[in-house]
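Open the model in your viewer and keep the selection tool at hand. The stops below go from the whole chain to single side chains.

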Amino acid sequence: MSEGATNDNLPPAKKLRTEEGNGQLDDSIDHGKPGTNKEAKMTSFKDFEVVQILNNNEENKSVSFQAKLKGKEGTAVVMLQKLPFSGEKLQEILTEETKLQDLFENDIYLNKKVLLSPELNEMKATIIYPAEEKHILRFEKQASSFVNETPELYKDVTKPFIESSSFSKQWIYNILEHKKEVERIVFEDTDPENGFILVPDLKWTGEQIENLYLQAIVHRRDITSIRDLRACHIPLLKNVLNKGTEAIEKKYGIPSYKQRVLLHYQPSFYHLHFHFTALSYDSPGTWAGKAHLLSSVISNLEICDDYYQKATLPFTIKDNHPLRLKFEEKGLFPKTES
């Protein structure tokens, strides 16, 4: 795909994928070991058997669990999430095939359980197979702690952790090299220094514009996170911000002032990427201690060349995350009992 190209025939994101997972420090993706996913497509859950529930999240209407597959080694991590309500299908719901069951009635107020046909009761499945212990930990419900990461803590704790991280980036390179997900590319700038690829995030099905969520992955491979950014990267950041928002407005009709563009710190994978969401969507990872607006990042670097090498960056981290253990060993937290 040539520089500045868009894919105007993008199909909706698949609801069942075997090469990606919703990896969480909070909400981004990690794809496990390279070369371990089978080419055969999963078309049902007939061979899945629940091992344990990892997280039942009422807020985002999802459940995550570990499962074993009959006749296969290893286990899978699966997240099932109810898809957002579609107003376009409302009339299809208002038929005699939709059954109502009484919960309670009081004067003019009626509370009913609605039983929909399978076609109108869709869910999205995110699957990691084979899953490793670190994937299970990332999906498991856990309390979180707050870290005020000074430049010294980054140098002594976080940076060595990033450099020793065993998470594969092959799935990222597959996208950047057009080996996978070519049909999902919304926009690409092929410039090796300032270019990027814009693709739908796994949390978005591609069907409802009000919940729009895309990621921009830069072509450069030498920037792991916000900590690596300096003033010399401003052209890259402005290019992502301007061309990304323009591509989204062109394809989906959402103007730049209705978009939220941000970075996460800590990110869930250490290759520079950006999150584009519709402002109407209260997306995961937009809270203090996680999100950094791209426009603010650019402004900070315009003021100070090495702002993110000097700044203390606060973030939240799950108590079962391996990086938190590193901070424990440094004395930042009391040691947890095993």
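What percentage of the 338 residues of the protein count as buried? The share is 48%, where buried means under 20% relative accessible area with a 1.4 Å probe, counting protein chains only. This is a predicted model, in which local features need pLDDT of at least 70 and side-chain atom pairs count only at pLDDT 80 or more, while totals for chains, interfaces and linings use all residues. Residues are numbered from 1 along each chain as its sequence is written, and side-chain values use heavy atoms, leaving out hydrogens and water.

**Whole chain.** Show the cartoon. The protein has eight helices and 16 strands; these are DSSP runs numbered from the N terminus, helices being H or I with at least four residues and strands E with at least two.

**The core.** Select L198, L214, L229, V240, F274, F276 and L294, the residues with the most contacts inside the largest nonpolar core, which has 49 residues. A nonpolar core is a set of buried Ala, Val, Leu, Ile, Met, Phe, Trp, Tyr and Cys residues joined through side-chain atoms within 4.5 Å. Helix α5 (residues 234-252) gives the most to this core, with eight residues. In soluble globular proteins, nonpolar side chains tend to be buried together.

Now centre on F274. Leaving aside residues up to four places away in sequence, F274 touches L214, Q215, A216, V218, L237, V240, L262, L263 and L294 (a contact means heavy atoms within 4.5 Å).

**Ring pairs.** The structure holds eight aromatic pairs. Rings of Phe, Tyr and Trp (its six-membered ring) pair if their centres lie within 6.5 Å; planes under 30 degrees apart count as stacked, over 60 as edge-to-face and the rest as tilted.

Select Y213 and Y281. Their ring centres are 6.3 Å apart and their planes stand at 65 degrees, so the pair is edge-to-face. Y213 is in strand β12 (residues 213-218) and Y281 in the loop between β14 (273-278) and β15 (291-293), 68 residues apart. Y213 is buried at 1% relative accessible area, and Y281 is buried at 16%.

Next, select Y265 and F315. Here the centres are 5.5 Å apart and the planes at 90 degrees, so this pair is edge-to-face. Y265 has 0% relative accessibility, and F315 has 0%.

**Charge over a ring.** Finally, select R221 and Y173. R221 lies over the face of Y173, 4.0 Å from the ring centre; the criterion is NZ of Lys or CZ of Arg within 6 Å of the ring centre and within 35 degrees of the ring normal.

Definitions and conventions
Buried means under 20% relative accessible area, exposed over 50%, partly exposed in between (1.4 Å probe, protein chains only).
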